[in-house]
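Here are my notes on the structure shown below.

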Amino acid sequence: MSRVAVIGGGIVGASAAFHLAEAGIETVLVDNAAAGRATSAGAGIVAPGTSMRNTPGFAQLSQPAVHYYPQLVEKLSALGVDNAGYEVCGKLVVADTPEKAEQLPGNTEIFRQRYRDGMPNIGEIEAITPAQAQELLPTLGEVLGAIFVPAAARVDGTKMRAAMTAGAERLGARIIIGDATLIVDNGEVKAIAVADEIIAIDSVVIAAGAWINQLMTPLHYQLPIAPQKGQILHIEMPEQETTNWPILDWNSSQYQLCFGPNRVVCGATREFDSGYDLRVTPAGMKHILDEQLRLCPGLANGTIAEVRVGLRPYSADERPFIGRVPNHQNVVVCDGHGPSGLMLGPYSGLLAAELARGEAPSIDLSLYALERVARENMHA
Ligand SMILES: Cc1cc2nc3c(=O)[nH]c(=O)nc-3n(C[C@H](O)[C@H](O)[C@H](O)COP(=O)(O)OP(=O)(O)OC[C@H]3O[C@@H](n4cnc5c(N)ncnc54)[C@H](O)[C@@H]3O)c2cc1C
């Protein structure tokens with residue numbers, strides 16, 4: 001039987017390991033629990049149908065990814081792994097300026113057309129009054145218009161990665177906490193090293209997030225993926241049950257979503273060229289709080305519960321890399337999901353598992369292939 005190692009146990013690697021183990025492959029998942037793991041800090045909005053992002057490749061991957069989420073939750077549940085952290089919670093899209101109020105009807109039509117075209121996580125959109133919006137989200141201040149998207153969902157990345165890791169383990173995967181490196185012998189990757197152990201492998205999936213290029217060094221191969229720091233603030237609302245509060249979107253780089261029983265998650269900064277800096281900064285907090293309190297003055301008396309900092313694995317062309325490394329066909333990369341890895345990661349991990357098993361992937365992966373990077377940029 002062939003053995004596959006997965007390096008990196010964020011949402012992407014946990015998914016790859018789960019789907020390999022599910023297919024009966026001998027699987028080893030290694031994670032070094034790095035501070036700054038994006039999956040542990042991410043917000044978890046799963047609603048691509050209301051995104052105005054039109055990066056090439058985003059729609060092709062997000063649509064099947066979001067379709068797959070409920071199936072994945074069912075598979076985990078069938079294994080006795082519940083509490084995977086995925087919930088439909090709805091989303092409020094509000095206009096806070098006259099310009100945005102003017103654009104709202106046009107955008108609503110775009111979302112409705114996507115729903116008719118089969119995009120999941122939208123549902124029957126309703127135009128609602130600002131007063132109705134405030135009923136749904138009691139902290140919300142004055143807005144000029146609103147729509148409600150009933151089928152938008154959220155995922156708690158910490159719970160989802162733990163659930164898939166537990167699922168993989170139940171299916172026989174070996175889980176190791178440690179620092180993995182590739183061992184290259186005569187130009188081929190035949191083993192990985194973790195602490196004092198050398199583990200022979202037939203293939204390896206690399207899902208090391210923002211740390212990927214450190215792992216790739218022995219292959220003399222680098223990808224245009226860099227850490228993008230995100231600071232995100234968690235506020236607890238005393239005596240308020242936030243479980244059913246919707247995601248809040250005001251067409252800005254910021255957003256808000258809630259986790260029960262009384263937590264509101266406000267994010268986030270997007271800090272390019274951050275390197276591996278994990279500090280919480282006054283400028284970051286000001287950036288978040290100014291905007292969040294302007295939209296939601298009702299948050300002002302909440303309790304600041306924690307600030308999380310994660311490093312998004314940011315791909316230069318904003319498209320993930322899912323494919324084999326040229327000249328190393330048994331090395332599969334699944335990385336670079338940037339701001340969308342909680343939404344895309346479980347499905348990308350499934351695709352990586354298919355590649356590592358030598359099977360044809362469920363969708364055409366040419367848009368995500370490593371070969372798109374100009375040859376001269378790929379060599380360290
Ligand atoms: C503030 C913030 C908000 C976000 N909001 C959203 C959102 O709303 N929706 C969305 O879809 N996405 C969101 N994201 C993005 C999402 O979190 C990431 O795209 C996703 O989590 C990336 O997952 P990953 O598994 O690739 O990387 P990570 O979660 O970073 O995991 C990589 C893992 O690899 C391990 N590792 C690295 N090197 C090694 C090694 N040598 N040996 C062993 N292990 C190693 C690390 O310890 C880590 O656990 C957000 C991110 C941030 C920071």
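1. The ligand is surrounded by 45 residues, the closest being Gly10, Gly42, Gly209, Gly230 and Gly341; a residue counts as near if its C-beta atom, placed from the backbone, lies within 6 Å. Elements that give two or more residues to this shell include helix 1 (11-22), strand 14 (225-236) and helix 9 (341-356). Helix 9 gives the largest share, four residues. Helices (H or I, at least four residues) and strands (E, at least two) are DSSP runs, numbered from the N terminus.

2. This is a predicted model: local features need pLDDT of at least 70, side-chain atom pairs count only at pLDDT 80 or more, and totals for chains, interfaces and linings use all residues. Residues are numbered from 1 along each chain as its sequence is written.

3. Among the buried residues are Ile11, Phe18 and His19. Just after helix 1, Gly24 has a positive phi of about 85°.

4. An open sheet of eight strands has the order 6-7-5-15-16-17-14-18, with mixed pairing; two strands pair if DSSP finds at least two bridges between them. Strand 6 (126-128) and strand 18 are at the edges with a single partner strand each, so one side of each has no neighbour in the sheet.

5. Strand 16 (residues 255-259) pairs with strand 17 (residues 263-267) in the antiparallel sense, over five bridges. Arg263 in strand 17 is the bridge partner of Phe259.

Key: Buried ≥ 20, exposed ≤ 12 C-beta atoms within 10 Å, placed from the backbone.
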